[in-house]
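Trainee: Could we take a close look at one part of this model together? I would like to go through it slowly.

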Amino acid sequence: MEWEAVIGLEIHAQLATKSKIFSGASTAFGAEPNTQACAVDLALPGTLPVFNAEALRMAVLFGLAIDAEIGYTSVFDRKNYFYPDLPKGYQTSQLFHPVVGTGHVEIELEDGTTKRVGVTRAHLEEDAGKSLHEEFPNMTGIDLNRAGTPLLEIVSEPDMRSAEEAVAYVKKIHSIVTNLGICDGNMSEGSFRCDCNVSVRYKGEEKFGNRTETKNINSFRFIEKAIKGEIIRQIDILEDGGTITQETRLYDANKDETRSMRSKEEANDYRYFPCPDLLPIVIDDEYVEQLRSTLPELPDARKARFIEQYQLSEYDAMVLSAYRDLSGYFETTANVAGDAKLAANWVMGELSKHLNQNDNDITSSPVTAEMLGELLLRIKDNTITGKIAKQIFEAMWAGEGSADEVIEAKGLKQVTDSGAIESMVDDVIAANQPQVDQYVSAEPDKRGKMIGFFMGKVMQASQGKANPGQVQGLLKQKLDALANS
Amino acid sequence: MLDKTLAELAQGLATGEFSSVELTRNYLDRIRAEDGSLNSFITVTEEQALAQAEAADQRRAAGDADPFTGLPIAHKDIFCTEGVRTSCGSRMLDNFISPYNATVVENFNRAGAVSLGKTNMDEFAMGSSNESSFYGPARNPWNTECVPGGSSGGSAAAIAGGLTPAATGSDTGGSIRQPAALCGITGLKPTYGRVSRYGMIAYASSLDQGGPMAHTAEDTAMMLNVMAGFDPKDSTSIDKAVPDYTLTLNDSLKGLKIGLPKEFFSGEIDPQITAQVQSAIREFEALGATVKEVSLPNTHLAIPAYYIIAPAEASSNLSRFDGVRYGYRCEDPVDLEDMYKRSRGEGFGEEVKRRIMVGTYALSEGFYDAYYKKALQIRRLIQQDFVNALSEVDIIMGPTTPHPAFKLGEKTSDPVAMYMEDIFTISLNLAGMPGMSVPCGFANGLPVGLQLIGNYFAEERLLNAAHQFQQATDWHRQRPVR
């Protein structure tokens, strides 16, 4: 019998509002502890929440982007539990009437097919603060800067069957929320985090196995590792005749394993009930349609357009369409260079490599899309060779100016003067008599490969600037003349 | 000077008969002399009051006075006051100095009112006798062996005792009207949403409403002018223009239709109270009103529904008092759970803990539908009762309480008997409509209250009716013998 994993995900996307969901305090990341917590966030006696309508706009946009039912009346509920970084003793959330109902997204699988993953619901809620254990021996510090930050909790159907599918889904949601501009998607700062519900069963069975929930994983790689590890752990237990305990687990990235946090028996009774301090949020068609008209192009549509408009491969189109900034960069580069395929190769190759190595965001790349496009233009018009182009890119990355400026300053212009090339070719032939003799005595069909040696020498002599096509043509002409003489 | 109404004091300030500083000193002296026996104040803010009075006198001299400028009041200790202890009658907040003002407090400050201090109350507004206060019970000035009612008992006692001409109160199930009735003063619970709840420490958010307490309807109208209005900080406050409530006080009552709910005149009710209320109704008839019987058939369900909804909300509202950020924290907790348990166990009194337990139970998994959801359904029925009755009449009238003030300690061992004292007031909070209590006589030497109930935002009509009644009677002029 073959095992099958069943995976459902809960994603918490921090909405990119300037102020908190129920107070006017700033949501900016990284401030000194408790400097961005006002009376409402501290839950001082007598304070009351006031809903930030910007969070509603963002949630509805997401609903429209995943073709979901929109909750025309949504209601905030209180989820009651005690924790020191939960100032009110309850979290304001939406249980009974969420703002976004059933929707779906399409994910691309490795075999090139797509799969539809259902989204059960997405609801608005407030984040808690942070408990700081390490800084204070034998005490706990409480930082309430994050308390009240708006979150959109996106709950999937248990539609995924492997860690790879789960990651593809998370990446798709990530690309949607960042494209909509409703979440900055910064996983290391916790703006986008994921709880993974995993169970296993024999393939073909309908009943779900007992599931575990692994909390707050904050990178795509960790999500994949945590799910893979959890699947193996559960299968091992079941194959040994054990049973899976329904529990909450934590992923330890250092040890690459999950461990138990609390079991179902210890779970809270959250005593949800409608928050009496907040009125139900009622929206109408006009509001929804107005928002629909502001929807930006989404990754799936853009991918299709890239294939159609630029003749990109499925894979290139998927990668380049995923994020608005990346897509925009690619399109600008392609338009300036007048060559989409070349632009795609450079954006996904040299540019991505540099961004990753330097931990740069594409929006802060020292080489702008226009600069890259102009560089590619110089390859296309034979001003430079592809090899030199990489050297120029390095210089541009280091802030030494535009492609033309670097070419000029470093004298990297390709040599196309046939007289100059001919003299270099003659010099190389004269200086390498043994190799010339070998060439001359070789069978004609072996000679093609032997030209490479002379090519290398000439290009070296020209410091890479000689036009390779011209060099090759001249070498062949002259060597063959020697051989045939 | 100290037996005058707010309106009369305003007149005295306007004519220069006395200054706000003189007036304020008089009240502060009186508080010092008398409050030892009444215990109506938790905190007296003498210095601040005198500074405010001085500022008010200067403002008047500059020709910039509002009708309220220089008038002394007191705030129920449920309203947050910047820089002043705001205890809510609880050990939990005995050390809490609020860093901000409630909107109601802010409104009075802006109008130039002088705050004498913070009045005693049942802990977190949970009680009908003021006996659940951490600071000990306030006493009824008409008989200090008796309770002043609750939860705004300190405000009512202070006014009746002449320690302040007026005070703020809050009413979740009768907490303005019941102590007003028991102390022989006038109190108004406005329509839910008329007065901002921001900074008024929440007991049961969907029922809580702040309101004015004073000697007369005219005085409460003057106060409501200051208190009422939309507040962007309170999502449940209603954005509706505020009339000048003093302008319609003298309208004629000719043709006013009064409804008497039969459920308010039967069952466990002191016959002397019924008699006084009936005589008050005759007074209204003499003023031109007509009277008919109406029915509020679900009245008997109000107390059970209230004691699910209010504790459920309270159990959540009071979760913030956890000893972490402010308020009482137990000595040397061994761990987090110990800190929670002892801070809350020691910081809250018996009645508060009882209601937290009841509310927690009512919201628990498996009980929600049977209790909380059912109570909400009853709430809608009760609301519909009032809507129906008020489609036939302009004002519903009846007794505010079934009995006059009872003895201290008389009902403390029997919570349900205590809860029953709110039988005529509680249903109105569930419906959200405005109600008043005005003095209408005495039973065994203790004041009796007449309750007036109106439709949503009918405060003008209630105040008009109450004022006309007070023009024709002098129950509101009676003062306890000192």
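Trainee: How many residues does the contact take from chain B and from chain A?

Mentor: Happy to go through that with you. A word on the source comes before the answer: this is a predicted model, where local features need pLDDT of at least 70, side-chain atom pairs count only at pLDDT 80 or more, and totals for chains, interfaces and linings use all residues. Residues are numbered from 1 along each chain as its sequence is written, while chains are lettered from A and ligands numbered from 1 in the order in which they are written.

Now the contact: 35 residues come from chain B and 25 residues from chain A, where two residues are in contact if their C-beta atoms, placed from the backbone, lie within 7 Å. On the side of chain B that touches chain A, α9, α10 (336-347) and α11 (350-363) of chain B each supply at least two residues; helices here are DSSP runs (H or I, at least four residues), numbered from the N terminus. The largest share of that side, 3 residues, belongs to α9(B). By type, the residues of this side of chain B are 17 nonpolar, 10 polar and 8 charged. Ala, Val, Leu, Ile, Met, Phe, Trp, Tyr, Cys and Pro count as nonpolar, Asp, Glu, Lys and Arg as charged, and the others, Gly among them, as polar.

The largest nonpolar core has 145 residues, and B:I159, B:I395 and B:L452 touch the most other members. Helix α9 (residues 302-317) of chain B gives this core its largest share, 9 residues. Such a core is a set of buried Ala, Val, Leu, Ile, Met, Phe, Trp, Tyr and Cys residues joined through C-beta atoms within 7 Å, and buried means that 20 or more other C-beta atoms lie within 10 Å of a residue's own.

Technical notes. Buried ≥ 20, exposed ≤ 12 C-beta atoms within 10 Å, placed from the backbone.
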